[in-house]
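Please look through this structure alongside my notes.

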Amino acid sequence: MNLNSGKLPWRSTLPTPPVYPALLEDIHCDCLVIGAGMGGAMASYRLSLSGANAVLIDKRLVGSGSSCANTGLLQISNDKSLTSCMHTFGEEQGLLFYKLCQAGVRSILELPSQLDIDPHIIPRDSLLYASVPEDVPALRQEYENLIAHGFDSEFWERDQINSVYSFSKPAALYSHMDAETNPFRTVHSLIAKAAAGGVRVYEQTEARKYEFTADGVICHTPNGRIFAKNVIFAMGYETQEMKKDRGAELINTYAIMTRPLQEFPKWHERSLIWETARPYLYFRTTPDGRIIAGGKDEQLTDPEHREVRVLSQSQRLLEELEALFPEIKGVEVEYAWGAVFGSTRDGLPYIGPHPKFPHCYFIEGYGGNGTVYSMIAAELLTDTIAGKTRPELELFSLTRATKPSPSGH
């Protein structure tokens with residue numbers, strides 16, 4: 001699957017990343033992780049902390065799939081609001097999901113002190129603005145639900161927004177304890193630390209065939225076999241090609257990164273910014289003074305068509321950015337790209353086992369909060385593999401009903 005198009009920004013921030021060999025022999029392990037993107041990186045890192053005998057493989061180079069196109073926004077709030085989650089899944093389960101996201105962001109914020117390569121993970125607040133006045137009542141209800149359940153959020157009126165940003169909006173939620181990251185550096189930093197902790201890492205090693213046995217899985221690669229007691233599939237959107245019950249709806253999404261600005265616009269605390277409209281636009285800054293804008297989602301097309309669309313969609317994103325911050329008009333775009341993006345029908349990721357794949361677990365962190373979902377998955381699955389029961393996995397079951405009933409919880 002061709003995941004990305006255009007000019008991607010992150011590789012230049014780590015010009016000489018760690019490199020790993022291809023597998024050239026038969027090996028054994030307790031756990032094999034397939035996919036060296038964000039999900040596989042976090043799983044491998046957590047496995048190294050638990051002392052598991054683990055192996056990580058990827059058919060490409062580390063971090064060269066969807067992680068290259070990731071825009072690095074890490075938030076407690078999701079594409080699906082807490083209010084919607086409680087309506088869909090029931091109050092207890094909806095709240096559990098948001099609490100897990102909150103814990104996931106906190107765990108990610110602890111990573112820089114534990115890793116050797118700086119992942120550029122920075123605490124940020126978030127502004128979620130009402131795109132139109134009609135969205136204000138739902139935004140206020142979301143605020144009341146967040147506050148009632150202990151989340152650190154404020155409801156801002158138009159005047160308060162206008163006083164600290166270049167733009168005016170009908171209302172907004174201003175939330176604390178979110179973050180931004182450089183996804184490419186984060187993936188490499190996690191995997192380098194996992195390797196230092198004993199995880200064997202192999203790049204350019206494709207898993208071509210699997211044999212499911214009574215006591216594990218035999219993974220066939222071009223030049224060797226891996227005999228694993230457990231397997232974690234962390235192949236992102238390419239997991240969709242393995243199973244009949246795909247579960248995710250794939251689209252194209254687009255993003256731009258400007259050149260560094262000489263002077264920054266009126267942008268309170270360099271917060272993450274997004275909106276209530278669906279599909280939504282979002283904006284963030286970088287440590288070297290650039291701006292990232294993303295969105296303009298559209299129906300999935302072939303990679304050649306997406307390559308062409310990058311030009312027009314990046315121009316539209318620049319226009320949206322300049323409309324929010326008129327003082328930066330004329331800023332140049334240095335990077336523009338498109339990528340495959342997926343979300344599930346009910347808004348939750350898929351994490352856990354599947355009845356047709358014995359001894360296997362899946363990380364399918366689909367949605368706008370995939371990095372946070374990867375951290376949740378890594379913690380739940382490494383605990384499970386170590387023999388600890390994590391009932392939270394039921395929420396993310398790969399075989400859950402497509403139309404959940406809140407009364408069922």
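1. R60 and E238 form a salt bridge, with their closest N and O atoms 3.0 Å apart. The pair links distant parts of the chain, 178 residues apart. R60 sits in the loop between β3 and β4, and E238 in the loop between β11 and β12. Keep in mind that this is a predicted model.

2. Are the two partners buried or exposed? R60 is partly exposed, at 22% relative accessible area. E238 has 8% relative accessibility, so it counts as buried; the cut-off for buried is under 20%.

3. The structure holds 20 salt bridges. One of them joins R400 to D346, with the closest N and O atoms 2.6 Å apart. R400 lies in the segment after α8, and D346 in the loop between β16 and β17. Both count as buried, R400 at 15% and D346 at 6%.

4. R390 and D383 also meet in a salt bridge, at 2.5 Å from N to O. Both residues are buried. Salt bridges with shared partners join R259, D288, R290, E332 and E334 into one network.

5. N252 is in strand β12. Its relative accessibility is 0%, so N252 counts as buried. Beyond its neighbours within four places in sequence, N252 contacts several residues, including K296, D297, R306 and A339.

6. Now the helices. The axes of α3 and α8 come within 8 Å and cross at roughly 95 degrees. The two are therefore roughly perpendicular. Among the residues that meet are F97 and L100 in α3, and Y373 and M375 in α8. The contact residues divide into nine nonpolar, three polar and one charged.

Note on methods. Residues numbered from 1 in each chain as written. Predicted model: local features only at pLDDT ≥ 70, side-chain atom pairs only at ≥ 80, totals over all residues. Heavy atoms only, no water. Axes fitted to C-alpha atoms, helices over the stretch in contact; angles between N-to-C directions. Helix = DSSP H or I, 4+ residues; strand = E, 2+ residues; numbered from the N terminus. Parallel < 35°, antiparallel > 145°, perpendicular 65-115°, else oblique. Contact = heavy atoms within 4.5 Å. Nonpolar A, V, L, I, M, F, W, Y, C, P; charged D, E, K, R; others polar. Buried < 20%, exposed > 50% of the residue type's maximum accessible area, 1.4 Å probe, protein only. Salt bridge = Lys/Arg side-chain N within 4 Å of Asp/Glu carboxyl O.
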